[in-house]
Every structure is written in C-alpha cells, then in structure tokens.
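Please find below my notes on this model, arranged as numbered points.

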Amino acid sequence: MILSCQNISKSFGTDEVLKDVSFHIEANEKAAIVGINGAGKSTLLKIIMQEEHPDTGEVILAKDATIGYLAQYQDVSGHRTIYEEVLQARDDVLAMEAKLRDMEARMNQLSGDDLEDLLNSYHRLSHEFELLGGYTYRSEVTGVLKGLGFSDEEFTKKMSELSGGQKTRVSLGKLLVTKPDVLLLDEPTNHLDLESIRWLETFLVNYKGAVVIVAHDRYFLDRVVTKVVEIFQHKGFVYEGNYTAFAKKKAKVREDLLKQYYNQQREIKHQEEVIAKLKSFNREKSIKRAESREKMLDKIERLEKPTEENTDIHIVLEPNVTSGNDVLAVSHIAKSYGENQLFTDISFEIKRGERVALIGNNGTGKTTILKMINGLIPGDGGSITLGTNVHIGYYDQEHQLLHMEKTIFEEISDDYPQLNNTKIRNVLAAFLFTNDDVFKRIGDLSGGERGRVSLAKLMLSDANFLILDEPTNHLDITSKEILETALNQYTGTVFFVSHDRYFINQTATRIMELTGETIVNYIGNYDYYLEKREELTRIYVPEMPKSNAAGNDSAVLHTEAQAAKTDWQTQKAEQARIRKLENNLKKAEERIAELETLIEEIDAACILPENATNSAKLNELSAKQAAYRKELETCYETWEELSLELESS
C-alpha cells in the first residue's frame, strides 16, 4: 500500500462535502475518483496534497514515496520556452549534469591523488546520473511534449504566449517527466485532442507507479483504471474494475441501499405510531415508555435516500418542422490563415436523421468548418448548401448569445414563455444548476457555466439540425448520459465536434475524421472507427511517393481507394435502407393503432340505441369496420415483414 485515506471528513461552513471517506491505493495501481460536479473530488485531491486540511481523518503516504499533482487550472507563466519549462522539472538531473561537466573540465588541471579522487567522485556521480535517467531525460522530455500534442515548432514558444489549455498541457508534461511514485491527475484529458488522449492512456497504463485520476472521460477511465472510488452523497464507495464494471456494480449497490432506506423508514414509522399510541393512554407508565422509545429513535442515524442524481430529468428534443432528406452539402471548401493551410478540398454530405461526429487532432480545422457552415467566417473556396426547411441550432463555446444582465432562470423563461417553472428547473438541473443557482446573473458565471446555459437553451429549441462544438465540456457523467439519451431519441439531424470518445461511441451513426487535409468517412460509431482507422487512413491519406519508382504502388493505392469508396457507398446505401425500414415500421405501427381505435369506436357506435334499431346505419358501420379490419390485417403483415427484415439487417 502506497497511499491510504482513512475516515476523511470535510465541511465548508454548514455544507458537508466528505463524510468518513476511506480507501487505499497499492503501488502501481491505477484508480479513478468519480462523482457529480460538486461531490468533493477535487477537494479530496487537495486534502491528499495537504493543500486542504480534513476536519477528521488522515492521509498516510508510504515512507520515502514521492507524489505529484496536476490541478484542473494552471497559472504557469514566465520567460522560459515550453521545452525549457518542462526540462526544468528535472532540475535535479540538470544540476548533476552541470556538476559532471565541471568535473570533466577540472580533470585536465589535476594530477596524482587529486585526479584519482576526482575520478572516483566522477564515476560515482555518473552512476547516480545514469540511474536517474540522465542520459535519456532530454529525449523523454521531447517524447512527452510531442505525445501531448506540441509540434517541434511550438517547443520554442514562450510560456507567456500560451493559452490556458496549453499551460495545462505543459504542467502535465512537467509532472510526467518527474515520474513520482503517486500521480494525482485532476481532469488530465481536458485540452487534449484524441491522438494525445490515446498517447496518455498508453503512458499511464505502462507507468511504473500509482495513478489516481479524477475525470469525466468514461472511455479514458475504461482503458486505464482498475479501481473506482465513487463519492456519492458525501461518502466513498470502492469498486474493483474499470468504469463499465463500476457502472454495473453501482446499480446493484443502489438497489441494496434503497432497500435499507425503506426498511428504516418503515421501522421509524412503526416506532412513531407506537409512541403516539402510548402517549394517547395518558398514563404515567405509558408516557415514560413513550419517552424511552423517543430517545432511542433520536439516536438512530438516519439514512439518506440513495436517489440517482437527475433520474427524473428527461430532456425531449423534437423539431417543429421536418427537414428535407438532404440536410447539408459541403463541396470543395478550403481555408487558410496566412501561410497556415488548414484544408484545400473538403466535400461531404449529411442526410436527415444522421448523427455525425467530426473528429481530428487540434489545429486541423474542425471548429473552422462548423463556423463556415454557420456563416460566421468565410471560406477561401467551394460551396456550402443547406437543404429544404433546415433550421440550425448552433452551440459554439466562443459565441454565446446570452444576456449578461439576466439571471439563468430569466434567460430560459424569457426565450421559452410556454414552459412552467418546474420544466425550466428540471432542464437547468440536468445542466447542473439547482436550487438558488438558477438566480445567478449570466454576467457572474464562468465560461464553462455560460456554456452549459447555452446548451440548455439549445436543447429546448425547435431546430431540426443541431451543430454542436464540444457539447460535453463542463458536464459531469450524469449530465452527459442525459444529453446522450436526448440526442439518441432526437428525430432531427446532429453534426458535432467532440473529443469525448464514450459520448461519440454512444451517439454517432457516422464519424468523419479530418486528417491529412481530407475527410475520411466511417459508417458506424467510435468502436467501428478504431477497427477501420488504419486501413482507411492508408487508403485515403497515402504518403507522398518518395520516387518515380513508386508508380506501381500509387496504382495499387488508387485501386484500393476505389474499392474503399465503393465499400463506403455500399455502407451509406445500407444505412439509408435501414433508416427507410425504420420509418416504414413506425408508420405501420401508427396506422395499426389508428385502425384499432376506429374499429373499437364502431363497436361502441353499434350498441348505441339510435343505431341498434337502424339497419341501414348498422350496414354502413359494418361495411366500414370490415374495410378497417381488412386494412388492419394487411398492416399486421407489413409490420411483420418489416420487423423480420430489420432483425436480419
């Protein structure tokens, strides 16, 4: 055991955050701390780092163990370059290296015993230098920086020139190269693109030390951790396994806790009834017995009802107007910023009902494409065409159309006056605004909070084409799941940029990767993308031939590209066929329900006194009913055929 938290409790004023939280971490173990926003995860990390002091309990770190901490927000600045800043994290090795160079310079000036003493000291220091990675640390720094998404050209950027996200990446790089025995990481995947997240996963899985991670990236947690500590209703619950295993186990735990809660409530109610009955006898002996029971009842530690957060919240998205089948056509668009060419010939289409994820490394132009579609920035060439009756709802973290003087509640209620207070509060609760939070002024909110308000407004809009730029940023896992459910039930079209792979996997029906200044299509979710990525990237984004002798290879690649294109078109056609089957099945079900209602109405009409004695009317009703029954029989057959066809697809 390298780290142990024992009975940690912490309150801020009257707000209890942590209560008797206990868990331990073994050497080389990879663990996650999860919970809703505000549950106390970051507070727990600060207590472990002794930046906060617990009210009760203690943190025990193994003797001589080192610990490193990455906080969510970094304020790193100064005159150093990115490379120098990360290199400085190994100042122990740098100092040792400088001492070795100094010894080497003095060797030419000494002789005899003095030289022998210096050589002995030099060999001892050299050995220690080697053990500390002195001969590899510069290449390690380079590897870590590249893994975190910094290019060679960016190594010389000054820290004072960096964005908040870049500073966080530099801080993570500094931490990784120091290799402490215990790594504490608070949202390490924020500000990383997909390639960098994949690199970090591999790094942490192979890391020779313990890792404790606070993160909302479920895909990342699934691939890295083997233990999950959940902070739920102030207490800590420990589960062995990755995030998926935790999610399954916690459902069973919640069920057991709920049974305990209801059993206690029944017992409390029973005792209260007995006490009331004893008091009603109004005899001294009975009253004393009642008072004794009351004292016992007061000593019972009341269990909190273990309700899942936001379980009653269901966001329903439903466009007012159905768009045409062709929602968006992008043809040969290009965009450059000065000498920085993002892309030159991008073309793609989006059809009604699709949920398309646009992915790619930072700087490839994903957000630029979304802004071009929305007319926020001009392109350098090509065309963008919206289909018939397409109404866009756009979520862009940089362009929030909010009123700074309004409260959160007013921002929603003024735009949607038809909603009652309960509906507004439910929607806001899904985006982490509860109780008096809804009366905060927009102008007083952080950037992340404003983003969540904008997302809440978008979810209430009647748009039939949602364009979302990183919609899950600043959402906890519960809120992400609510958003996933809403998007999966949405009958409109969705086009989004996200680096949340779990979210992509749950919602996307197609993935477009922006790579090598071109688009590669994958008809499926993120798992399908991972399966086909190497194959399709090799075909669609081939390396430039190194000599004319590569002509035959080019011909082979061209043939493979044609085959892949045909395969993609086949997949696209198959997806369209399945979508048509689903629509026809839905129509058949609706007509069956309608016909069954009409038949029942005729049955009711036939027994009415005015119709029961009117043979002409009865004949008319009977003929109608026979026609409805015949059509119903046909609908049943159609429904059965469509169901079988869908099952075999």
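1. Strand β8 (residues 227-232) has six of its six residues buried, so the strand is largely enclosed by the rest of the structure; buried here means under 20% relative accessible area, exposed over 50% and partly exposed in between, with a 1.4 Å probe and protein chains only. Lys227, Val229 and Ile231 point one way from β8, while Val228, Glu230 and Phe232 point the other way, and all are buried. Helices (H or I, at least four residues) and strands (E, at least two) are DSSP runs, numbered from the N terminus.

2. On the provenance of these values, this is a predicted model, in which local features need pLDDT of at least 70 and side-chain atom pairs count only at pLDDT 80 or more, whereas totals for chains, interfaces and linings use all residues. Residues are numbered from 1 along each chain as its sequence is written, and side-chain values use heavy atoms, with hydrogens and water left out.

3. Strand β3 (residues 30-34) pairs with β8 in the parallel sense over four bridges, where pairing requires that DSSP finds at least two bridges between two strands. Within this pairing, isoleucine 33 has valine 229 of β8 as its bridge partner.

4. Strand β9 (residues 235-240) runs antiparallel to β8 and is joined to it by six bridges, with lysine 227 standing opposite glutamate 240 in β9. The two strands β8 and β9 form a hairpin with two residues between them, and glutamine 233 in the turn has a positive phi of about 50°.

5. A separate point concerns the open sheet of three strands in the order β11-β10-β13, whose pairing is antiparallel. Its edge strands, each pairing on one side only, are β11 (340-351) and β13 (381-386). Strand β10 (residues 326-337) pairs with β13 over five bridges, and valine 330 has isoleucine 384 in β13 as its bridge partner. Helix α11 (residues 366-373) packs on this sheet and touches β10, β11 and β13, its direction making about 120° with that of β10; contact means heavy atoms within 4.5 Å, and angles run from 0 to 180 degrees between N-to-C directions.

6. Helix α7 (residues 194-205) and helix α17 (residues 526-540) pack at an angle of about 85°, with their axes 15 Å apart. The two helices α7 and α17 are therefore roughly perpendicular to each other, a term that covers angles of 65 to 115 degrees. Leu194, Glu195 and Arg198 in α7 meet Tyr526, Tyr529, Leu530 and Arg533 in α17.

Notes: Angles under 35 degrees count as roughly parallel, over 145 as roughly antiparallel, 65 to 115 as roughly perpendicular and the rest as oblique.
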